[in-house]
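Please look over the structure below.

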Amino acid sequence: MAGRYAEVYARSLEDPEAFWAEAAGALDWYKKWDRVLDDSNPPFYRWFPGGEVNTCHNALDRHVEGGRADQLALIYDSPITGAVRKFTYRELRDEVALFAGALKNQGVGKGDRVLLYMPMVPEAAVAMLACARLGAVHSVVFGGFAPKELATRVDDAKPRVIVSASCGVEPSGVIPYKPLLDEAIRLSDAKPDKCIILQRPQVEAPLDPARDIEWNEALSGAEPAACVPVAATDPLYILYTSGTTGVPKGVVRDNGGHMVALQWSMKNVYGVDPGDVYWAASDVGWVVGHSYIVYAPLLHGCTSILFEGKPVGTPDAGVFWRIISDHGVRVLFTAPTAFRAIKRDDPEGELLKKYDLSCFETLFLAGERSDPDTIQWAERQLKVPVIDHWWQTETGWPISANCMGIEPLPVKYGSPSVAVPGWDVRVLGPGGAPAKAGEMGALVIKLPLPPGSLPTLWNADDRYIESYLTEFPGYYLTSDAGYIDEDGYIYVMSRTDDIINVAGHRLSTGGMEEVLAAHPDVAECAVIGVHDKLKGQAPMGFLVLKAGVDRDLGEIVSEAVLMVREKIGPVAAFKQAYVVARLPKTRSGKILRGTMSKIADGEPYNTPATIDDPAILEEIKEALGKG
Ligand code: COA
Ligand code: AMP
């Protein structure tokens, strides 16, 4: 491949230090780095050691001082509550500085952790940026997680303060958050000193005067706090993500490399300029929300949209078009599942005709594999490029994409396009042999990873090495399988572990199995991901009961479904489970989850040669009504 993309990509790998030093020049540094990349302690690599920065300064104050004070920084649009609020860069900087002062009053300083359990309200972004301002480390936990999941994160991050709100608002109704938070704190060993609670008008949370402070009360005694210089290598945040067990991984993000990579990506990957309106329709609880609702658009001087709603039902499948036209959105980034939902409700795009979308230029999709049907439907309706791009919580920004700001390349359906500059993506076969073009294998990235990707896991260097760097020494294991074609296009086909993506939400089937195994009547269980027309994948459970259990099976299944909802959260969307006599296994006792998924999806499958008893596959088919 020749052309501008090929030239930029080659430069990024041939001389990464020069490449990223040039990108870093776009930002303010209190102290310049000693080295661009410290590679003296492999497999740990650090970007910009010796440098001192503040991410909040670069996201807000730099623009206020540089002429964008009166430009909108953030637009909160909440069709679910009917609220719209707009903040200029000056207003957002002032709100953030004051809330940073409030956190400071509660003893929060550099390196302290602050856990945020927030719905999609502007105060969530304000709290994140306020932590960054103080050099404190935020850890945002998605609102759809249950108290036990929240407690695990509290115990790992040991936050000094937790910031939360009285409720979230979902189409199904108002969800009081405070009882969930109280229960999580009760379950956790590490107790926060204080909780700052935003009272929303939909529900008033009861406060414990010894521990809880209302958001406005916390502000009332606060002075605006200044930005605190931190080392470029200091952590900005921890974001927990599903691992292969029920214990989530605390992905760490640093300050310097993160802001350099994110700011660079806005023009080069997404093709937007400072002043443009950019919308990532995700949630601040996910990496997309961290990177592309809060940090990247602000670092680049864009206007970011914070959307509290769903693609359908709030009030209808036209809400995305309404927001694009009301606020002049140039680029939208969301998950394919959102477009599948819109396509389901408005297949002919009737609602689209009500809005002027002349401002709109590009749609980016990520979070799960984009099926060609959905991409082509979106292309037909919107008449703009629709770009599938691939990334992970760990990487923090796209590994592969059609880089609209460098050189738009032809689209190949089914491929999230080519490696983004900085990412040396390879396919390896068993034992680490490089795969040929078109040959399936493990998708890996040659070390060092570019800036912005995880330097380690929180307090778990060993787990970082074991999870990502051990299988193929010298490479980061993405745990995605796929291939690269002769033109360099990457195809991401499936996960190689037990992670599933349900409506763009990353979940561990292993974590669900741990919950189900605790049911008193369950002897053994398996959870697999099955195809779902709307959500891409959905979990499905198989339960083998203990000998002698003769209770009503429907009742046991209902209890199992409820347990996953209560222990992991509604976001797991665990709704289907079957009682079976046995699970299909290899002779060495490994459950054949892959074969079970194929049966459930009605796909052809080969009976594995290593299977202990092939008759069990027939029993599974029968249980699923596919016999
Ligand atoms: N707080 C509390 N509960 C939440 C929640 C939150 N922040 N987010 C989701 N939930 C609950 C929902 O209310 C729902 O509960 P229910 O079982 O009682 O109905 C459950 O978790 C599943 O929610 P969701 O995954 O949103 O499914 P849905 O069926 O309500 O909606 C879609 C389906 C496709 C419309 C929706 O998943 C969607 O908009 N997806 C976009 C994906 C996305 O933004 N991904 C982020 C990565 S880019
Ligand atoms: P998360 O950490 O939640 O962002 O999930 C990351 C995982 O989602 C990846 O490892 C992939 O399995 C999947 N994923 C994300 N984007 C894509 C994409 N564009 N195509 C295929 N799979 C994707």
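Two strands pair if DSSP finds at least two bridges between them; helices (H or I, at least four residues) and strands (E, at least two) are DSSP runs, numbered from the N terminus. With those terms, four strands form an open antiparallel sheet, ordered β23-β24-β25-β26. This is a predicted model, in which local features need pLDDT of at least 70 and side-chain atom pairs count only at pLDDT 80 or more, while totals for chains, interfaces and linings use all residues. Residues are numbered from 1 along each chain as its sequence is written, chains are lettered from A and ligands numbered from 1 in the order in which they are written, and side-chain values use heavy atoms, with hydrogens and water left out.

- Six bridges join β24 (residues 441–446) to β25 (residues 475–484) in the antiparallel sense.
- In this sheet, V444 is placed opposite L477 of β25.

**Ligand 1**

- The shell around ligand 1 holds 23 residues, and E170, K310, P311, K535 and R565 come nearest (a residue is near a molecule or strand if one of its heavy atoms lies within 4 Å of it).
- By class, this shell has eleven nonpolar, seven polar and five charged residues (Ala, Val, Leu, Ile, Met, Phe, Trp, Tyr, Cys and Pro count as nonpolar, Asp, Glu, Lys and Arg as charged, and the others, Gly among them, as polar).
- Ligand 1 lies between domain 1 (4–309 + 389–482) and domain 2 (503–623), because both give residues to its shell; the domain bounds come from an automatic or database domain assignment.
- An N or O atom in the side chain of Y177 is 3.0 Å from a nitrogen atom of ligand 1.
- A nitrogen atom of ligand 1 also lies 3.4 Å from a backbone N or O atom of G143.
- The side chain of K310 has an N or O atom 2.5 Å from an oxygen atom of ligand 1.
- On its own, ligand 1 has 940 Å² of accessible area, and the protein covers 84% of that (accessible areas come from the Shrake-Rupley method with a 1.4 Å probe; for residues, only the protein chains shown count as cover).

**Ligand 2**

- Ligand 2 is surrounded by 14 residues, of which H389, T393, D480, R495 and R506 are the closest.
- Its shell divides into three nonpolar, five polar and six charged residues.
- A nitrogen atom of ligand 2 is 2.7 Å from a backbone N or O atom of H389.
- Oxygen atoms of ligand 2 lie 3.0 Å from a polar side-chain atom of N501 and 2.7 Å from a polar side-chain atom of R506.
- The protein buries 94% of the 500 Å² that ligand 2 exposes when taken alone.

**Local backbone features**

- The P42 to P43 peptide bond is cis, with omega near 5°, and P43 sits in the loop between β1 (37–41) and β2 (44–47).
- A cis peptide bond also runs from T314 to P315, with omega near 0°; P315 is in the loop between β17 (303–307) and α11 (319–327).
- K383, a residue other than glycine, has a positive phi near 55° and lies in the loop between α13 (372–382) and β20 (386–388).

Key:
A polar contact is a pair of N or O atoms within 3.5 Å; within protein, one must be able to donate a hydrogen and the other to accept it, and residues adjacent in sequence count only if both atoms are side-chain atoms.
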